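Visitor: I would like to go through this model one question at a time. Please show it first.

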Amino acid sequence: MPTDRVPDLRVEGLVKRYAPQVSIGPISFEVYPGEYLSLLGPSGCGKTTTLRCIAGFEDLTEGAIYLSDVRLDRQPAHKRNVGLVFQNYALFPHLDVYENVAFGLRLARIGRREIERKVRAMLELVGLIDVSQRMPSQLSGGQQQRVAIARAVVMEPRVILFDEPLSNLDLKLRLQMRRELRDLQRRLGKTTIYVTHDQTEALALSDRIAVLSHGQIEQIGTPREIYERPASAFVADFIGTANLVKGVVIGTANGRLTIEVGRGLRLIADWQGAVPRGSVLLMLRPERIRFDLPQADAIENRFSGTLGDITYLGEDLSLAVHVDGGLELMVTAKSDARNRALTPGAKLELSAASADLHVLSS
Amino acid sequence: MTAIVQPDRRHIALWGVALAAPNALYLTLVLLIPLGMVATYSFFTYSTTGVALPVLTIANYAKLGDPYFLRLIGRTVGIAVKTTIICIFLGYPLAYALARARPTLATLGFFLLLTPLMVSPVVRAIGWFVLLDRNGLVNSVLMYFGADRQELLFNEPAVLLGLSHLLLPFMVLPLVASIERIPPNVEEAARNLGAGGLGVFRKVILPLSLPGLVSGAVLVYVEAASAFVLPALLGGRFVRMIGNEVFDALLVSYNIPQASMLTVMLIVLTIGVLGTGLALSRRGTVGRSAP
């Protein structure tokens with residue numbers, strides 16, 4: 001990521017200890033102006049705690065948080081100017097939509113006219129101007145969500161934090177809100193930290209993703225880097241589905257490794273940097289393994305296998321393939337008419353490009 | 001075997017009447033009828049020889065013009081209001097702490113809170129004597145440090161102390177129930193939007209716990225206004241409340257019409273506050289601030 005710019009927010013060696021044995025961290029990362037950074041991980045990985053530390057609802061045990069160059073973690077929560085959108089929205093049930101959005105402005109002792117102007121503009125922006133007199137209990141989940149966002153954004157915070165904001169919505173609404181969030185983000189250009197356990201959400205929304213596990217950042221990078229070049233088996237497995245195959249490096253040529261993964265089965269993978277020695281972990285994404293390419297195509301890896309289980313997933317088929325040489329691979333295929341003829345026991349000719357094979361140093 | 005029948009609305013209404021009937025009957029016998037009699041007696045003429053002369057008069061109520069009775073009513077309302085205010089100020093922080101405490105700690109807290117209700121009023125008053133008497137613990141400590149002996153009993157502060165100690169649970173319990181229902185996230189949202197401790201209380205906790213505050217205040221006020229044992233023991237001759245006056249009129253001077261009149265006054269004062277309180281709480285729950 002660009003290092004010539006000054007980050008809006010910098011987390012340095014954050015450690016939070018709950019009990020002698022229970023702690024997260026040290027966690028360090030930066031968020032640059034206008035950037036959308038996701039903290040992604042399973043529950044209990046420390047992503048929400050990190051967010052709450054930034055918002056000021058938890059004290060750090062060690063480390064520091066800087067907003068631009070100002071030490072943030074010693075300021076009380078109400079003086080941080082860091083907006084937070086809660087998982088369950090946490091709207092004020094006794095105030096209508098308008099007053100919910102005006103809440104922070106009124107505390108900031110801004111003039112009545114100015115408050116009115118800002119709140120109206122914000123309600124227009126999120127499309128809630130027609131329901132500004134409604135109470136939170138009279139709103140749909142999506143509308144409540146938008147009030148929560150409007151309430152935070154109207155304060156013009158330097159950084160806006162989202163704590164799993166879509167997890168309480170049903171699938172259809174979640175997808176719609178995801179699009180809205182992305183639109184809003186593009187219009188506002190706010191620096192954003194977005195906590196989620198949903199990898200598709202993180203991939204779709206983020207400029208960069210930090211994958212957390214057991215209170216540590218496993219990898220931080222663009223969605224493409226995270227998905228295609230995961231730094232660890234955990235990341236490979238957590239983001240999407242991955243075939244992880246153990247192998248031994250037996251040769252190297254022209255930026256490619258030859259890896260023996262089974263009895264007589266050798267795969268070729270692209271590689272940059274120092275050549276790893278000994279055993280490695282190889283990742284193949286199920287949708288990057290093809291079984292329908294003509295032999296004539298120049299593709300580095302070809303191997304054959306027998307089709308095992310077929311799982312129908314609607315859009316896709318998930319195929320379990322016993323590869324000759326003793327490998328078990330998951331392969332994703334479209335569930336279109338062409339693939340309807342697939343039956344367990346069928347012989348498959350598989351292929352995979354060397355660029356789609358990713359070697360994890362073990 | 002009979003089939004299981006879905007109860008219809010009339011069925012339920014009938015059951016409701018049947019279930020409420022014993023209590024309604026009981027209340028009619030022991031509350032409504034005696035109250036009616038008390039109200040009637042308050043308009044009867046004082047008799048030196050019998051219970052009362054059944055001659056209608058407003059002479060009993062005319063006594064309310066007497067400065068003694070005006071002071072009595074003023075003192076009773078004053079003590080009740082002050083007790084309520086003390087309980088609000090002591091009760092809010094306590095209720096908040098209990099509502100947000102870990103379950104084990106909260107259980108202990110509730111137990112301690114309810115202990116004053118577990119001993120009889122007389123025993124409780126004796127406890128205060130041990131502390132506040134001329135030779136009590138507080139005076140011993142004061143004099144040990146060279147201070148003068150203080151008269152701590154038989155004055156209004158002593159009564160207020162005793163009453164607020166006794167009635168604090170009546171304020172705290174409804175408040176806890178209200179505060180518990182406020183999601184902690186909502187407070188955090190307020191802090192995130194720039195509200196300090198006082199701001200969170202004023203703009204979130206207070207409006208959202210208003211129903212609890214009102215029911216607590218009504219309970220404390222009603223109990224304090226009709227207090228009898230504590231003002232008698234801790235206030236002595238100097239801090240008399242309506243309850244004490246009723247007791248004396250009834251059992252000392254045997255002036256039943258006057259006791260009845262004072263009882264009616266007490267009920268009127270209480271119902272007045274109750275009505276206002278309920279109206280306030282209804283407005284509080286429905287109400288919302290204008291944009």
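Visitor: Which residue in the turn of the hairpin formed by E4(A) and E5(A) has a positive phi?
Guide: This is a predicted model. In it, E4(A) and E5(A) make a hairpin, with 2 residues between the strands. One residue in that turn has a positive phi, about 50°, and it is Ser68(A).

Visitor: Which residue in E5(A) stands opposite Leu67(A)?
Guide: Strand E5 covers residues 70–71 of chain A, and 2 bridges join it to E4(A). The two strands run antiparallel. Opposite Leu67(A) stands Val70(A).

Visitor: How many bridges join strand E1 of chain A to strand E4 of chain A?
Guide: E1 spans residues 9–19 of chain A and E4 spans residues 62–67 of chain A. These strands run antiparallel, and Leu9(A) stands opposite Leu67(A) in E4(A). The number of bridges joining E1 to E4 is 5.

Visitor: How far apart do the C-alpha centres of domain 1 and domain 2 of chain A lie?
Guide: Domain 1 of chain A takes in 9–237, and domain 2 takes in 247–360. Contact between them involves 6 residues of domain 1 and 4 residues of domain 2. On the domain 1 side, the residues in question are 3 nonpolar, 1 polar and 2 charged. The C-alpha centres of the two domains are separated by 39 Å.

Visitor: What is the radius of gyration of chain B?
Guide: Chain B has 13 helices and 0 strands. Its C-alpha atoms fill a box of roughly 80 × 70 × 50 Å along the principal axes. For 291 residues the globule rule gives 19 Å, and the value for chain B is well over that, so chain B is more spread out than a compact globule. Its radius of gyration is 24 Å.

Visitor: Which element gives the largest share of the side of chain B that touches chain A?
Guide: The contact takes 18 residues from chain B and 23 residues from chain A. By class, the chain B side has 9 nonpolar, 6 polar and 3 charged residues. Two elements give two or more residues to that side, helix H8 (184–192) and helix H9 (197–208) of chain B. The largest share is 6 residues, and it comes from H8(B).

Notes
Residues numbered from 1 in each chain as written. Chains lettered and ligands numbered in written order. Predicted model: local features only at pLDDT ≥ 70, side-chain atom pairs only at ≥ 80, totals over all residues. Domains from an automatic or database assignment. Contact = placed C-beta atoms within 7 Å. Nonpolar A, V, L, I, M, F, W, Y, C, P; charged D, E, K, R; others polar. Helix = DSSP H or I, 4+ residues; strand = E, 2+ residues; numbered from the N terminus. Rg over C-alpha atoms; globule rule 2.2 N^0.38 Å. Pairing = 2+ DSSP bridges.
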